[in-house]
Amino acid sequence: MSSRTYHDPLHGGIALHSVNPAEALVLELVDAAPFQRLRRIRQLGPAFLTFHGAESSRFTHSLGVFHIARQAFQRLLAMDPSLERHRGVLYAAALLHDLGHAPLSHTGEEMFGTHHERWSARIVREHPAIREPLERFQPGSSEAVAALLEHGTSERRVIKDLVSSQLDCDRLDYLLRDSYSTGTSYGQLDLGRILAALTLAPDGELAIHPKGLMAVEHYLVVRNLMYRSVYNHRLNVVCNWLLEQMIRLARELGPDQVWTDSTMRCWLWSAHELDLEAYLANDDLRTGYHLLRWREEAPRPLADLCDRFLNRRLLKALDVDSLSKEKQLECLALARGLAEAKGLDPSLSCGLRHQQLHGYHPYRGGLRLWNGQQLQALEQSSALVKSLSKPVSTSWLIYPKQISQELKRKVGQYLAQI
């Protein structure tokens, strides 16, 4: 028997034993080149410029998701042994759910216009190192995993919910992991109590025992706080905006003015024709190298943007969410005018960024409580959960430091009128 243990900072030892066919499958998938690529994709994209410890990878996170899914599955299997035949698909889907991420994770999706769910499914369907082990394990497994990742469809809803739902193994791991790596305390949820509360409703699908209600309430509050304090942090917003402007400008300048290797050339100017090889060839290392080259060799506007990002000379951001959309646009016009007066390019130094945190969706796969006698929607039992259903929006005005004093004074006049 061969075995392997990954020593995880959150979960301790994640042991895999080849004597177990499903774990042998996981071992083979982990060693495949498309999964090893996730070592070169940062979990939190450019958030390391805001939280200096945010250096963990999608590889580490994906192993954590598998580990939590395995624990959850073992608990549910004791209640319904018929779930056994879904073990391989669940393990593979939990492990491979982020396989198709672009460089810098979610930021890369905005930069390049990709969708990681679609690419994850395509890699599972088409890459031999992923598809063939799945098919050897059980014919039809590759399509079952791909459909689950791309469309959220599964023969058993409970399997889908463990991979993608409002209380899935992905969210449980990333909240714990991102809180740990960013040095924030908001993400310290009670994983053990949540897993212990997982049960099956009379319809055979996922539910929560009331003894775990407070732990689930805490989890939903944690998620809200992490989005507000980490994922939507104003400097993350600025970094994402800067990176998007770099890619937009590089595409506009064209291959005659911007150096690229053959892979990045495909990503920039033939994105709709990307094949599997070109897609998997791009990661944080390749994209980062291009930013370094552009800082040294690209036309001045693009070089300046890259220098801003690489040397953390970031733009500023002002919260204007309380203003009407019309007033926000007036503030943007004001910022652009002030920037131009300072000799700056307003299109590359001023922007308006809107984001929305949707919170808990009671009507989109909402959670249910089951005490053995009564099945009830979670929000019906918890006023706290109901309060988290309301979407929260943010609007940030992005601008250069040089106009900070005058811009704040004039925007302050708008805010005083509210």
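A charge is taken to sit over a ring if NZ of Lys or CZ of Arg is within 6 Å of the ring centre and within 35 degrees of the ring normal. In this predicted model, local features need pLDDT of at least 70 and side-chain atom pairs count only at pLDDT 80 or more, while totals for chains, interfaces and linings use all residues. Residues are numbered from 1 along each chain as its sequence is written, and side-chain values use heavy atoms, with hydrogens and water left out.

The charged end of Arg39 is placed over the ring of Phe59, 3.8 Å from the ring centre. Arg293 lies over the face of Trp259, also with 3.8 Å to the ring centre.

Aromatic rings also meet one another. Rings of Phe, Tyr and Trp (its six-membered ring) pair if their centres lie within 6.5 Å; planes under 30 degrees apart count as stacked, over 60 as edge-to-face and the rest as tilted. Across the whole structure, 10 aromatic pairs are found. One of them joins Tyr227 and Tyr231, whose ring centres are 4.7 Å apart with planes at 65°, so this pair is edge-to-face. Both tyrosines belong to helix H12 (residues 213–231), four residues apart, or about one turn of the helix; helices here are DSSP runs (H or I, at least four residues), numbered from the N terminus. Tyr227 is partly exposed, at 21% relative accessible area, whereas Tyr231 is buried, at 16%. Buried means under 20% relative accessible area, exposed over 50%, and partly exposed in between (1.4 Å probe, protein chains only).

Trp267 and Tyr279 form a stacked pair, with 4.9 Å from centre to centre and 25° between the planes. Trp267 lies in helix H14 (residues 262–269) and Tyr279 in helix H15, so the pair ties together parts 12 residues apart in sequence. Both residues are buried, and together with Phe112 and Trp119 they form one aromatic cluster.

Trp119 leads on to helix H6 (residues 116–126), where the buried residues are His116, Trp119, Ser120, Ala121, Ile123 and Val124. Among the elements covering these buried residues are helix H5 (106–112), helix H7 (128–137), helix H8 (141–151) and helix H15 (276–280).

Finally, the axes of helix H3 (residues 58–79) and helix H10 (residues 169–182) come within 8 Å and cross at roughly 125°. Axes are lines fitted to C-alpha atoms, for helices over the stretch in contact, and angles run from 0 to 180 degrees between N-to-C directions. H3 is therefore oblique to H10, a class left over once angles under 35 degrees count as roughly parallel, over 145 as roughly antiparallel and 65 to 115 as roughly perpendicular.

Methods: Helices (H or I, at least four residues) and strands (E, at least two) are DSSP runs, numbered from the N terminus. Contact means heavy atoms within 4.5 Å.
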